[in-house]
Amino acid sequence: MISPPASYNKAGGDFFMLGYVHLLPETRPALERRTVAGTALWVLEGDLDGGLLPSRRLRRWTRRLAECGVSHAALPPGREGDFAPLRPVLPDGLRLALLPQLLDALAPAGDTALLLADCADSRALLAAQVLARRFRHLRLETGAGQEALERQLLRQLGLTTGGGPAAVTVTFGPPPREGLPLYLTPDCALRQEVRYAWPDPSQAPPPEGLLSLLHRACRLPEICVKSVETLDRSRENHYNAT
């Protein structure tokens with residue numbers, strides 16, 4: 001049964017409707033309201049690049065999503081700009097929330113981690129706290145605000161940053177150059193594929209885009225990370241948690 005549409009807000013921000021776009025070649029586009037894990041959202045599935053005027057078709061269906069009240073949507077990786085004015089819900093927030101499990105899947109061998117970021121914002125702080133509790137040594141290259149971040153880690157966890165070669169590099173932007181890479185960048189879905197396990201083992205988990213929507217709506221069930229696969233051909237490896 002389809003639940004009535006709902007609006008969500010995050011951290012007291014503006015209310016927004018959720019949408020999900022799934023491209024299916026040679027399939028007639030269809031827009032319908034669905035419920036996933038108790039969360040109502042609009043799902044657009046089909047071939048949006050076909051026809052005589054594919055750009056016009058894509059704009060028309062994007063406009064229909066917006067007319068349904070959708071302002072935020074999980075969009076095909078790498079094509080977020082094609083669906084303006086919809087605001088993309090990216091998987092980097094979901095992956096940051098599941099960082100401990102992602103590290104379990106990678107299983108780096110070593111006692112030093114490296115955190116890369118352009119600035120030491122709240123997301124970098126959260127990742128640093130996870131890494132500091134897991135590794136004996138943590139090296140930071142986090143740009144503006146790094147000294148304040150180091151002081152906070154020292155005050156909260158008694159951690160002095162530093163160490164040798166990194167076993168794993170967690171990055172919010174700069175390219176990793178040591179150890180196993182773990183991307184928390186906006187394009188992380190193009191860099192690494194993460195496979196998940198749904199609470200009900202008899203059901204396949206939804207695509208990561210839908211999981212990102214559930215996380216955004218604070219409706220994400222307890223899920224498990226099964227594996228992390230690096231898609232960068234220069235560093236192509238596969239790591240399993242099981």
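Student: In this predicted model, how many bridges join strand S6 to strand S8?

Tutor: Helices (H or I, at least four residues) and strands (E, at least two) are DSSP runs numbered from the N terminus, and two strands pair if DSSP finds at least two bridges between them. S6 covers residues 112-116 and S8 covers residues 168-171, and the two run parallel. Within this pair, Leu115 stands opposite Val170 of S8. The number of bridges joining S6 to S8 is 4.

Student: Which strands stand at the edges of the open sheet?

Tutor: The parallel sheet has the order S7-S6-S8-S9. Strands with a single partner are left without a neighbour on one side, so the edges are S7 (137-141) and S9 (180-183).

Student: At what angle to S6 does helix H4 run?

Tutor: Axes are lines fitted to C-alpha atoms, for helices over the stretch in contact, with angles from 0 to 180 degrees between N-to-C directions; contact means heavy atoms within 4.5 Å. H4 (residues 122-134) lies across S6, S7 and S8, and its angle to S6 is about 175 degrees.

Student: Which residue is joined to Ala84 by a cis peptide bond?

Tutor: Most peptide bonds are trans. Here omega is about 15 degrees.

Note on methods:
Residues are numbered from 1 along each chain as its sequence is written. This is a predicted model: local features need pLDDT of at least 70, side-chain atom pairs count only at pLDDT 80 or more; totals for chains, interfaces and linings use all residues. Side-chain values use heavy atoms; hydrogens and water are left out.
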